Amino acid sequence: MFHGRAILPGRVFYDKIMCMSNKKQIIVMMGGPGVGKGTFSDLIMSRQPFKYIEAGAILRAMPADSEIGKIISVGNLVPDNLVCNLMAGYMTDDDIILDGFPRTLSQAKWLVQNYAHKYDIHVLFFNTDDETLVERIKKRVSDGSVRSDDSAMQIIARRLENYHKITMPAIEWLRSAPGIRFSEIDAAGSVENNFQDISNVLGW
């Protein structure tokens, strides 16, 4: 009979197989606005070096007279093909954390189809209710956030609506997408407990 630590050799064998892979990692941070993706990314990078790619910050930094800048300035969503082409330029031969990308089902499929054979992709989905997300955004503002999309409840409500309508279908597809790993983390607890769950699913 196998019980207690009898399964350890299997785990060691698994770890050896993983170490034999020459692929770099992509950790994909997914969850609603305000869930803490940036905070959790910082904590992961405090343990292991990653290239951090925050899609929203990249889009917001585009020149006002660029095609993407003009689209954002009138409040429209940037088409998937433009976002994917932009993100492709940041996909270097490094261990990578993606924050805020993919945001749509089309972007999720593009990521898997183009990069699952090049990287070990692990999606971390931080799941919690809308009330918790709103409270965290309010706390971020009270702590000094200068993000314009944190500034008004009307904007926050629209972000939550887009999250449920546009991003959740991408998350649900990634849950069973081929060639990647997917972990769901209950993000309702403290940052410390959340990071312990992150550490567990990452095998730390």
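**View 1. Phe101, Trp110, Tyr115 and Tyr119 form one aromatic cluster.** This is a predicted model, in which local features need pLDDT of at least 70, side-chain atom pairs count only at pLDDT 80 or more, and totals for chains, interfaces and linings use all residues. Residues are numbered from 1 along each chain as its sequence is written, and side-chain values use heavy atoms, with hydrogens and water left out. Rings of Phe, Tyr and Trp (its six-membered ring) pair if their centres lie within 6.5 Å; planes under 30 degrees apart count as stacked, over 60 as edge-to-face and the rest as tilted. By this rule there are six aromatic pairs. Phe101 and Trp110 have ring centres 5.9 Å apart and planes at 80°, so the pair is edge-to-face. Both Phe101 and Trp110 are buried (under 20% relative accessible area; exposed is over 50%, partly exposed in between, with a 1.4 Å probe and protein chains only). For Tyr115 and Tyr119, the centres are 6.0 Å apart and the planes lie at 55°, so the pair is tilted. Tyr115 and Tyr119 are buried.

**View 2. The largest nonpolar core has 37 residues.** Such a core is a set of buried Ala, Val, Leu, Ile, Met, Phe, Trp, Tyr and Cys residues joined through side-chain atoms within 4.5 Å. The residues with the most contacts inside this core are Ile26, Met91, Leu98, Phe101, Leu111, Ile121 and Leu174. Elements giving two or more residues to the core are β1 (24-31), α3 (55-60), α4 (67-73), α5 (80-88), β3 (96-99), α6 (105-115), β4 (119-127) and α8 (153-175). Helices (H or I, at least four residues) and strands (E, at least two) are DSSP runs, numbered from the N terminus. Apart from this core lies another, of 19 residues, including Ile27, Leu124, Val134 and Ala187.

**View 3. Leu111 is in contact with Val28, Met91, Leu98, Phe101, Pro102, Ala116 and Ile121, leaving aside its neighbours within four places in sequence.** Contact means heavy atoms within 4.5 Å. Leu111 is also among the residues with the most contacts inside the largest core.

**View 4. Helices α6 and α8 pack at an angle of about 35°.** Their axes are 7 Å apart. Axes are lines fitted to C-alpha atoms, for helices over the stretch in contact, and angles run from 0 to 180 degrees between N-to-C directions. From α6 come Leu105, Ala108, Lys109 and Val112. From α8 come Ile166, Pro169, Ala170, Trp173 and Leu174. By class, the contact has eight nonpolar, no polar and one charged residues. Here Ala, Val, Leu, Ile, Met, Phe, Trp, Tyr, Cys and Pro count as nonpolar, Asp, Glu, Lys and Arg as charged, and the others, Gly among them, as polar.

**View 5. Salt bridges that share partners join Glu172, Arg175 and Glu184 into one network.** A salt bridge is a side-chain nitrogen of Lys or Arg within 4 Å of a carboxyl oxygen of Asp or Glu. The count comes to four. Between Arg175 and Glu172, the closest N and O atoms are 3.1 Å apart. These two residues lie in helix α8, three residues apart, about one turn of the helix. Between Arg175 and Glu184, the closest N and O atoms are 2.8 Å apart. Arg175 is partly exposed, at 35% relative accessible area. Glu172, at 39%, is partly exposed, and so is Glu184, at 41%.

**View 6. Arg60 forms a salt bridge with Glu54.** The closest N and O atoms are 3.8 Å apart. Arg60 is partly exposed, with a relative accessible area of 43%. Glu54 is partly exposed at 25%.
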